[in-house]
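The following exercises are to be worked with the sequence and the 3D structure at hand. Each task is followed by a solution in steps.

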Amino acid sequence: KISLRILPQCPSLDFIRNEGGEYGLTDRVHNDIIDLAITKGLLGVFAYLWFLFVAARVCLRVIFADKMTGGKGGKESIFAIAIFSAGIGYFMQNKFCFWILPSTSLFFILTGCIAGLVPSRQAYNIKALAIPIIAVLICGLTFCVVKTTLPWYKADMQYKQGAELFWSGEKTTSIDRFKSALTLNPKEKLYAEYIIHAYLDTSDNLPKNIDLAIVEAQRMLKNYPLESNFYNLLGMSYERKKRFEDAKESYEKMFTIDPLFGEARDKVANIYINQNKFNEAIAVLEEGLRIIPDHVLFLNRLSQIYMIQKRNDKAEKYLKDIARITPDNLDSHTNLARIYYEQKRMDLVITECREMIRIEPNNVDTHRNLGSLYYQQQQYKEALDEFQKVLALKPDDEYSKRLESSIGVRPRKQN
């Protein structure tokens, strides 16, 4: 509920949501100190800062020790300067990011190398230490390769083959590939998304696949309870199963998890519309507009509801908003033209038809309708131009031929 009060005050979130893809998730804090405080607590932050302090202190000791000995440190001093410079760069860069494996692992390896630069370090039997350490590293790497890397690689290969089959239209065949990929890497979200889509797309011929889609979406939600995409896929699966209340419940969970995902509200509103619960649909959509003002999907659905209810004044308002936000939205101009035609406001109908032609210059139906409007208004020159455009696009259009011929024997409207 707090997020629903904050979101309307942050229009930049809408931009981030639109730029970031279809399904938005809250990201980690892009600052390593704050991120550590949240994930590891203050003790973790203090340990991290102490480690950085000790590493920097050792580097400086090596660098200044080289100066005090008249530059006899040579390579050790240069190496220490390089590590110190890299550490400062890493620390500054992480003020705008959090730990990621490629850079963080390299940073800790470099700081570990600093211990070998200290002149006063105790002499160790390197061979005695190196052999067990190397053996442990080899065993650990082998274990990781066998248990994770190799199966994940095989899973990716299965997924790639499945995706190729999916996009080539062989969706039933692709399911076996996705199953194999999930067997090897059962928590990979991308594989699950694909197999659920494949199940749903093949459910007309294989109705049992709807149940499999539901099971898979539920399984993934146990692993990722805040993943809005799987609530969306679960809702879609329930709709295919005609379990509309379950579908509505699944979509409604997305209102809180991902309030900027407008499609969820639109789907809930559509379920209400199909149940003739128009007031409930309007409430859902208006709440959505409060969170995401000027959301075209909500405005369009509201205009549809009011047109069904013959409340053309309300429908006109929302359709005008759509035309203002997206001037090239053909449906908004088409519906405005229908409303104005019912209201006998022919000048406005003509204006909307001109907008429709601007968007689709070669639309035969729009040219024909506009020609008929001009003909009814006795604007025969304009009507003739439109009918000629129709015949240029569709030479066998009998209606346009007939009216084009009749215009020649009619008197022109006097201006």
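Helices are DSSP runs of H or I with at least four residues, numbered from the N terminus. The model is a predicted one.

**Exercise 1. Determine where E227 is placed, and whether its side chain is buried or exposed.**

Step 1. Apply the cut-off for burial, which is under 20% relative accessible area. The relative accessible area of E227 is 9%, so E227 is buried.

Step 2. Look for a side-chain partner. The side chains of E227 and K189 are joined by a polar contact of 3.3 Å.

**Exercise 2. Describe the aromatic pairs W50–F53 and F178–Y194.**

Step 1. Count the pairs, taking ring centres within 6.5 Å as the criterion. The count comes to eleven aromatic pairs.

Step 2. Classify W50 and F53. Their centres are 5.4 Å apart with 35° between the planes, and the pair is tilted.

Step 3. W50 is exposed, at a relative accessible area of 56%, while F53, at 46%, is partly exposed.

Step 4. Turn to F178 and Y194. This pair is also tilted, with 5.4 Å centre to centre and 40° between the planes. Because F178 lies in helix α8 (residues 171–184) and Y194 in helix α9 (residues 189–201), the pair ties together parts that are 16 residues apart in sequence.

Step 5. F178 has 0% relative accessibility and counts as buried; Y194 counts as buried at 16%.

Step 6. Extend the view to the cluster. Ring pairs link F178 and Y194 with Y159, F166, W167 and Y191.

**Exercise 3. Which helices supply the lining of the second largest pocket, and what classes of residue does the lining hold?**

Step 1. State the volume, which is about 260 Å³ for the second largest pocket.

Step 2. List the lining. It has 14 residues, and A337, R338, V349, C353 and N369 lie nearest the centre of the pocket.

Step 3. Assign helices. At least two lining residues come from each of α17 (330–342), α18 (346–359) and α19 (364–376). The largest share, six residues, is supplied by α19.

Step 4. Sort by class: six lining residues are nonpolar, six polar and two charged.

**Exercise 4. Is R368 buried or exposed, and which residues does R368 contact?**

Step 1. R368 lies in helix α19.

Step 2. With a relative accessible area of 16%, R368 is buried.

Step 3. Leaving aside neighbours within four places in sequence, R368 is in contact with F387, V390, K394, D397, Y399 and S400.

Key
Residues are numbered from 1 along each chain as its sequence is written. This is a predicted model: local features need pLDDT of at least 70, side-chain atom pairs count only at pLDDT 80 or more; totals for chains, interfaces and linings use all residues. Side-chain values use heavy atoms; hydrogens and water are left out. On a 1 Å grid over the protein atoms alone, a cavity is a set of points where a 1.4 Å probe fits but cannot get out, and a pocket is an open set with protein on both sides within 12 Å along at least five of seven lines; lining residues have an atom within 4 Å of a point. Grid points are joined across faces, edges and corners, and a volume is the space filled by probe spheres set on the points. Ala, Val, Leu, Ile, Met, Phe, Trp, Tyr, Cys and Pro count as nonpolar, Asp, Glu, Lys and Arg as charged, and the others, Gly among them, as polar. Buried means under 20% relative accessible area, exposed over 50%, partly exposed in between (1.4 Å probe, protein chains only). A polar contact is a pair of N or O atoms within 3.5 Å; within protein, one must be able to donate a hydrogen and the other to accept it, and residues adjacent in sequence count only if both atoms are side-chain atoms. Contact means heavy atoms within 4.5 Å. Rings of Phe, Tyr and Trp (its six-membered ring) pair if their centres lie within 6.5 Å; planes under 30 degrees apart count as stacked, over 60 as edge-to-face and the rest as tilted.
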